[in-house]
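Dear colleague,

Please find the structure below, followed by a summary of what was found in it.

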Amino acid sequence: MKTYLIQAIRLTVVLTVLLCVIYPVFIAFAGKLSKGAGNGETIVVNGKVVGYAAVGQSFTKPQYFWGRPSAVAYNAAGSAGSNKGPSNPDYLKDVAKRIDTLLKYHPYLKRSNIPAEMVTASGSGLDPDISPEAAQIQIKRVAAYRKLDETKVAKLVADHTEGPLLGMFGPSKINVLKLNVALDGLK
Amino acid sequence: MNTELTGIIASFAITLLIAIPLAKYLAKMFAGEKVWTDFLKPLERGIFKLSGINPNTPMNWKQFLKAMMTINLFWLVYGFFALIYQDKLPLNPDGNPGQTADLAFNTIISFVVNCNLQHYSGESGATYLTQHFIFMFLHFVSAATGIASAVAVFKAFRDKTTADLGNFWNFFVKSITRLLLPLSIIIAIILTFNGTPSSYAGKDKFISLQGDTVNLSRGPAAQMIAIKHLGTNGGGWFGANSAHPLENPNYLTNMTEIISQFIIPVAMILAFGYFIRRKKLGWVMFGVMMAGVLMLMLPTISSELGGNPLIAKMGITQHTGAMEGKEVRFGPAATAYWSTLTTVTSTGSVNGMHDSTMALTGLWQLLAMMINGFFGGCGVGLLNYFIYLIIAVFISGLMVGRTPEFLGHKVEAREVKIAALITLLSPFLIMTGTALASYVFVAHQNIDWAVKPSAWLNNPGYHGFSEMLYEYTSANANNGSGFEGLGDNNIWWNVSTGFVLILGRFLPIIGPVAIAGLLAQKKFVPESAGTLKVDTMTFGLMTFAVILVLNALSYFPALALGPIAEHFSMLK
C-alpha cells in the first residue's frame, strides 16, 4: 500500500507537469495564430470593441434586429438556459407574453409566421444567431424605424445569411451582431 | 434532404470511420505489439522513472485494484483542499472565491469519478488554476483509470489461465500518452482555430452595440473542452457547457465534439474483441449496443423535431422543432442526437438544456443513463456491459440446465453473486436517493436549512419529480448532465449525490475486475458441442433481452411517475 501511495504521488506530480503545464501552454501558443489570437474573435467598430462575434448580445431597441430571448439577459459572465420544463405553466405564460410583444411590434405578422426560436430562450442565454425566417419577419419594422428601403434591408439580410456547413450539414443562420453592425453602416 | 439530418448522419459515419481503426490500434498497443506511436516510448520511460514505477511488474486482480484505488483516493484528498483554498492560490484573474466544504466534497468526487455534476458555474465557481490543475487533470486521469481497468478485463480473457491482469500503471500511463493526449491536442487545435479561447486572459469588458456594459468570461477553455469530450467527462469551462458559444462556436466544432465523445467508447468495445482474438464477439457486442442506441435515439429525435404541443396550441408552428434551451447554430436534430450520445456514454456534456427537452426525450435520457452499458464511459462502459454478460450467461445456463461458462471459464456462485450485487446497486442508489429527497421535499418543505427544500425545484408537478430522479440517475451513472433547474448547490444535494457518485463509480469497477480476475485463474475448459457460444447473434439477443428486462423491472415505476406522466398530461 505504502509503495503504491508513493508511486501515486510521484506519478501525479509528473503527469501534472505534462497535462496541466506543457499541454495547455502549447495549445495557448498555437491559439495565438488563430483569429482573435486565442482570446475569442472580437468585432470592432470605429476602433472600439463592440462585442465578440460568437457571443450574442442584447438588442431591444426597435431600430435593430432582435436576437433570441435569454434567461440571463445576455450576461456573458453567467451563461445559463431557463431550465423550464415543457409543461411548466409559468413558462407557457412567458411564451405567450413574448408572442404578444412580437405581435405588438410587428402588427403585420400572423402567429403561424413566428419562428419558435423567437419566443423560446436559448440554451446558453448567449445565442448569437437567429434563423433566416426570424430575420425576415423583422425587416419591415427595422426598415420603417430607420426610414430605409425595405428591399435594401432585405438584401442585407440575404448577404448575412450563412448556409449550412459545406452547404450540407446543419441549419442556416444569421449572426445578429454582425447584421446590426452592417445595418448601422447603411446610409 | 434536410441539412440538419444529413449533419447527424455525417457525424455518425465519421465516428465509425475513426473508431474502427482506433480499435485495432488500441488492441495492439495495449498488448504491447509494435504500433506507429512507439516513438513515444522514451517519454513513457521518463514518466515511469521519475515516478519510481516498473511498468512490467505483473499484478493480480487485488494488486491491480489496490493501485487503482490508492491513486484515486489521493486525488480526492488533494483536490478537495485545492478547491477550498482556490481563492488564495495563483491563476485567479477574475477573483473568484473558494468553494464551500460541501460543494468541494461534491465537486472533487464528481471529477475523480469521471462524472462532472458541476454544482458550481465555471465562470464564478472555479479559477483557471483549479479548472486546469484539478478539473482538466482529472479529465485525463479519470478516463485513463476507466480504460486501464477495462484493459485488465481484456487481459484476463486473452490467455487460457492466468493470474496476471497486467500492470495498472502501465495501462494507465499509456492510455494518456498513446490515446488521450495526442487526440486532445488535435481537438483543442480545431476548437481554438474555430473561436474557442485558449489564452490565459481574464474577463473582458466592453460596451455593446446598443450601449450596454458587458462583462465577458473567457480563459483557456479549448484545452479542457477537448479532453472533456474525449474522456467522456463532460464538465465544461462555462456554466452553459457546450451550449455556450465560446465552448462550441459553430457546427464544425459541434460535430468535432460529438464525434470525439463517442469514438473511445465505441473503439473500446471492438478493441476487446481484437485483443482476445475473438473479433466476432466485439462485433456482436457492438451490434447489441448500437441497436440499443438507435432504440433510444430515434424516438428522441422524433420527439424534439415534433416541437412542444403546448406551444403549438398557441399557434406557433415550430417548423424546425422544439427550441427552448437550444441554440440556433445546432438546431433541434443535432441537439437531440447529442442528448442521446451524451447519456449513453457517460459524458454528460450538453449542447442544449435537458431540463427543457420534451417529456419523452427526458424519458430516453433517463433510461440511457439507467442502462449505462450501451458503449458507456471510457472503459467503464465495457465493464458495465460485462456484468450484463455474466447475468445473461448465468440465466442462459439455467435455461438449458448446464453449468454456465464464459469464454472457457466456469461461472460459479461467487462470480454470479458479485454480478447480482452490482446489478442491484444502481436501482438501490437511484431509488433510495430519489425517495429520500422526495420525502424531504414533501414532508419538510420549510425546514430551517440555508436552502429550504421548497426552493429546490424549478418546475412544478411531474417535471419537478423528474428533476430529482435525473440528478440521482446522473450521479449513479457518473454521467454529469442534469436537469439543471434543480437547486443543487446546497448541503443535501452536495452530500447525498457525493455518496451516490463514489459508490456508483468504484463498485462497478471493482466488481467486474474481480470477476474477471477470479475467472481467469480457473482451469480453462475447451469448447465442446455443449458450450454456450457468446459470440453469436442468439446470445446477443439474449443479452439485449436481459438488459431490457432488468432495467424495465427496476425503473418503470419511477419513470411512470416522472416523464411518462408529464407526457400524458401534456396531451390532454
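In chain B, Val293(B), Leu296(B), Met297(B), Thr300(B), Ile301(B), Glu304(B) and Leu305(B) of H10(B) meet Pro332(B), Ala333(B), Thr335(B), Ala336(B), Tyr337(B), Ser339(B), Thr340(B) and Val344(B) of H12(B); contact requires C-beta atoms, placed from the backbone, to lie within 7 Å. By class, this contact has 10 nonpolar, 4 polar and 1 charged residues (nonpolar: Ala, Val, Leu, Ile, Met, Phe, Trp, Tyr, Cys and Pro; charged: Asp, Glu, Lys and Arg; polar: the others, Gly among them). The axes of H10 (residues 279-305) and H12 (residues 331-344) of chain B come within 9 Å and cross at roughly 145°, with axes fitted to C-alpha atoms over the stretch in contact and angles running from 0 to 180 degrees between N-to-C directions.

This is a predicted model, in which local features need pLDDT of at least 70 and side-chain atom pairs count only at pLDDT 80 or more, while totals for chains, interfaces and linings use all residues. Residues are numbered from 1 along each chain as its sequence is written, and chains are lettered from A and ligands numbered from 1 in the order in which they are written.

Between the chains, 85 residues of chain A are in contact with 96 residues of chain B. H1(A) gives the most to the side of chain A that touches chain B, with 20 residues; helices (H or I, at least four residues) and strands (E, at least two) are DSSP runs, numbered from the N terminus. That side divides into 46 nonpolar, 30 polar and 9 charged residues.

Technical notes: Two residues are in contact if their C-beta atoms, placed from the backbone, lie within 7 Å.
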